[in-house]
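Hi everyone, thanks for making time today. Let me put the structure up, and then I'll walk you through a few places in the backbone and around the ligand.

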Amino acid sequence: MASWSENPILKVEHLTMRFGGLVAINDLSFDVGRGDITALIGPNGAGKTTVFNCVTGFYKPTEGRLKLRHHDGDTYLLERMADFKISRHAKVARTFQNIRLFGGMTVLENLMVAQHNPLMHASAFSFAGIFSLPRYRHAEAKAVERATYWLEHVNLIDRADDPAADLPYGAQRRLEIARAMCTGPELLCLDEPAAGLNPRESAELNRLLRYIGANHETSILLIEHDMSVVMEISDHVVVLDYGEKISDGDPEKVKNDPAVIAAYLGVDDEEVDEVEEEVGV
Ligand SMILES: Nc1ncnc2c1ncn2[C@@H]1O[C@H](COP(=O)(O)OP(=O)(O)OP(=O)(O)O)[C@@H](O)[C@H]1O
């Protein structure tokens, strides 16, 4: 049995999402393995972002179930939860296709804002914070420690006091991941993390994602168009086309799957043999 079936953190079961007459996702099922890097790929309009939006609670699925199980065994049915509860209680964090940092705030402040919930709690919703009581000071020190840890791991510690908007594009992408990691997620959803990166930045991103997978109890689900990134770092690849799953397996299996080649090259099933010959599979 595949590792992702043996120990899944997320089970997507019979997910369907309709927008009026348009079926964006149709009866989709797949598993995300605990500790794995799982890539969701497919041609434009295949439904990848819609899956992300269902997992993170931005959309309520028309049908289906999204079952998330933490490493301590706590289970959450995401399709029944409001989006803020999905991030806070189910511990699902995400980044977006377009960078959404607070550009006017410093790099460090961006990571402190991400830890707003525990800090507000520790401040008893301002009182303990205003009077700087020990429990608030302790929570604040912990938040700074966590932010510093991630700034070191994304190579941005030297830029901690600079406005986030002053960072180069690739560094902003890494800061977004650091910000998501500051929330201590069990599942990290990354929407096209390698988009717009140069080869050096892309290699740095790969290293960071592998580090997260190996050293933290965070599983990663990512959407990515850059096949070199997908093939290099993924443990598991799920391929969508027109809202349906057309392939699912390790990168090697998926890379050689005629249905995937056909979907990417936009040919009919009957032409697959021809295409395989052309690409030398
Ligand atoms: N809010 C919405 N209302 C109506 N249709 C939508 C909505 N969101 C997505 N769709 C449609 O659902 C289908 C899947 O879109 P989606 O953005 O999930 O695809 P994608 O695989 O992420 O594409 P891309 O790689 O281009 O980002 C598309 O036909 C899209 O137009």
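This is a predicted model: local features need pLDDT of at least 70, side-chain atom pairs count only at pLDDT 80 or more; totals for chains, interfaces and linings use all residues.

Let's start at Glu-192, which counts as buried because 20 C-beta neighbours lie inside 10 Å. You'll find Glu-192 in the loop between β7 (187–191) and α9 (199–215). Its phi is positive, about 50 degrees, although Glu-192 is not a glycine.

The protein chain averages a pLDDT of 87, and 86% of the residues score at least 70. For the complex, the predictor gives an ipTM of 0.96 and a pTM of 0.87.

Lys-91 sits in the loop between α3 (83–88) and β6 (92–95). Is Lys-91 buried or partly exposed? Partly exposed, because 19 other C-beta atoms lie within 10 Å, and buried would take 20 or more.

On to the ligand. Which element supplies the largest share of the shell around it? That would be α2, with 3 residues. Both β2 (22–33) and α2 (48–55) give at least two residues to this shell. The residues around the ligand include Phe-19, Leu-22, Asn-44, Lys-48, Thr-49 and Thr-50. By class, the shell has 4 nonpolar, 6 polar and 1 charged residues.

Let's stay with α2 for a moment: 7 of its 8 residues are buried, among them Lys-48, Thr-50 and Phe-52. Just after α2 comes Gly-57, with a positive phi of about 85 degrees.

That's my tour, friends. Happy to chat!

Terms used
Residues are numbered from 1 along each chain as its sequence is written. A residue is near a molecule or strand if its C-beta atom, placed from the backbone, lies within 6 Å of it. Helices (H or I, at least four residues) and strands (E, at least two) are DSSP runs, numbered from the N terminus. Ala, Val, Leu, Ile, Met, Phe, Trp, Tyr, Cys and Pro count as nonpolar, Asp, Glu, Lys and Arg as charged, and the others, Gly among them, as polar. pLDDT is the predictor's confidence in each residue, from 0 to 100. A residue is buried if 20 or more other C-beta atoms lie within 10 Å of its own, exposed if 12 or fewer, and partly exposed in between; C-beta atoms are placed from the backbone.
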